[in-house]
Amino acid sequence: MNYTDEEICTQYGDQPEYNRGSVSPPIYQTSLFTFDTFEAFTHAQLNERENYVYTRGVNPTTELLEKKLALLERGEQCKCFGSGMGAISSVFFSLLKSGDHVLFVNNIYGPTQQLLEHLQNFNIEHSFSTGDLESDIKPHTKLIYVESPGTMLMNVVDLKKISTVARQHGIYTAIDNTWATPIFQKPLTLGFDLSIHSLTKYIGGHSDVVGGAVIGAHRLIDQIFEYGFQLNGAVLSPQDSFLIIRGLRTLPLRMRQHQDNCLRVIQYLKTKEEVIKINHPSQWKEEDFSFINDQMTGYSGLLSIELKEGGFKNIATFINQLSRFKIGVSWGGYESLVNSPIKENNEVELIDQGIGTGLIRFSIGLEGSDLLIADLERGFKALHSIKS
Ligand SMILES: *Cc1c(COP(=O)(O)O)cnc(C)c1O
């Protein structure tokens with residue numbers, strides 16, 4: 001059956017006929033499920049993937065969310081987790097063993113890198129791609145792990161090319177697809193084995209819930225279910241699943257508005273001589289990134305800029321003037337946020353990582369671009385006044 005994204009996000013899975021006419025799905029707030037007979041109980045225990053036994057297994061509310069996410073990504077199956085990191089760590093724990101190597105492509109979310117550093121203790125190696133995939137792949141490379149777009153510099157990589165090379169070598173591919181969401185990018189249709197999300201960002205969308213998901217073929221998700229989910233135990237609660245199902249209803253709509261607001265803010269930022277770079281995939285040159293239009297159908301609202309004159313003091317002056325943009329971690333909610341990797345004493349470290357000391361990251365929310373632009377204008381004015 002072919003459902004549109006809008007159908008999946010809204011009506012799909014509503015069963016008023018079973019649920020006493022309720023439009024909204026029930027929250028199965030239960031830790032366990034009981035059985036009429038001992039035979040039925042023992043039978044269900046043999047296959048927890050297909051039966052309701054315990055909520056650190058399958059829960060009907062979370063299962064509805066999983067069905068919707070699998071359909072949105074055009075994947076066979078999805079497993080949800082108590083956080084994005086729960087989902088990410090489950091992929092590594094399930095697919096890797098001692099002696100394996102992971103190849104990172106593009107800039108990778110900090111905690112994901114820290115996790116792989118920790119896994120060195122278990123004899124699992126990792127390295128970063130130099131850009132030439134064929135020469136980066138080692139005899140023991142088991143998984144190519146990608147972020148595209150990244151979430152600090154928003155760089156993009158050619159997903160079809162990566163999945164094609166990986167298949168030739170019999171290597172698994174996984175992507176953290178949090179930036180684009182399945183509304184704007186469906187990596188499984190480009191040959192990726194696994195698509196991973198932090199549901200905490202756009203999919204939840206209201207900054208009131210933490211969750212994660214992995215989508216892929218039955219074969220892989222069953223393996224992840226058993227080892228990475230049931231034994232690791234990063235469970236998404238039924239209440240939180242309900243909130244994420246609610247977030248999904250407006251996901252297509254919100255993504256279009258985040259995109260629209262973000263592109264308007266970018267038009268404004270382009271007029272500012274204090275800004276030397278705008279990091280957002282809409283700004284990458286077509287001739288260098290001809291693959292973008294084949295793999296993405298839109299842009300979310302997470303961008304960063306590089307100020308001509310960086311450093312802690314300038315960044316703090318700029319950010320402290322903002323009132324619509326709240327200062328904080330995370331992104332992808334209805335509210336606009338501002339953040340920078342700079343601290344009082346890490347300039348050298350940042351430059352080593354290829355990050356400028358003038359970098360500021362914005363998550364463009366749903367407040368309306370005029371309000372946000374007026375807010376940014378105050379930041380730029382404050383920069384002028386410290387100069388003069
Ligand atoms: C936030 C984030 C994660 C981690 O998700 P949590 O829900 O915070 O555990 C992973 N990847 C990216 C790109 C993120 O932004």
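These legends describe close-up views of a predicted model.

**View 1. Residues around the centre of the largest pocket.** The largest pocket holds about 1200 Å³ of space. Its lining is made up of 47 residues, and those nearest the pocket centre are Y109, G110, P111, M152 and R361. By residue class, the lining of the largest pocket contains 21 nonpolar, 19 polar and 7 charged residues.

**View 2. Elements and domains that contribute to the lining of the largest pocket.** Two or more lining residues come from each of the helices α4 (84-95), α5 (110-119), α13 (312-320) and α14 (347-352), and from strand β11 (337-339). Domain 1 (5-249) and domain 2 (252-387) each supply at least three residues to the lining of this pocket.

**View 3. The largest cavity and its lining.** Searching the whole structure gives 1 cavity of 30 Å³ or more. The space in the largest cavity is about 30 Å³. Its lining consists of T55, G57, N59, T62, K79, C80, F229, V235 and L236. Of the residues lining the largest cavity, 4 are nonpolar, 4 are polar and 1 is charged.

**View 4. Helix α10 and its surroundings.** Helix α10 spans residues 238-249, 12 residues in total. From first to last C-alpha, α10 reaches 17 Å, close to the 16 Å expected at 1.5 Å a residue. The buried residues of α10 are P238, S241, F242, I244, I245, G247 and L248. Among the elements that cover these buried residues are α1 (5-9), α3 (60-72) and α11 (251-269).

Methods:
Residues are numbered from 1 along each chain as its sequence is written. This is a predicted model: local features need pLDDT of at least 70, side-chain atom pairs count only at pLDDT 80 or more; totals for chains, interfaces and linings use all residues. Side-chain values use heavy atoms; hydrogens and water are left out. On a 1 Å grid over the protein atoms alone, a cavity is a set of points where a 1.4 Å probe fits but cannot get out, and a pocket is an open set with protein on both sides within 12 Å along at least five of seven lines; lining residues have an atom within 4 Å of a point. Grid points are joined across faces, edges and corners, and a volume is the space filled by probe spheres set on the points. Helices (H or I, at least four residues) and strands (E, at least two) are DSSP runs, numbered from the N terminus. Ala, Val, Leu, Ile, Met, Phe, Trp, Tyr, Cys and Pro count as nonpolar, Asp, Glu, Lys and Arg as charged, and the others, Gly among them, as polar. Domain bounds come from an automatic or database domain assignment. The expected span of a helix is 1.5 Å times one less than its number of residues. Buried means under 20% relative accessible area, exposed over 50%, partly exposed in between (1.4 Å probe, protein chains only). Contact means heavy atoms within 4.5 Å.
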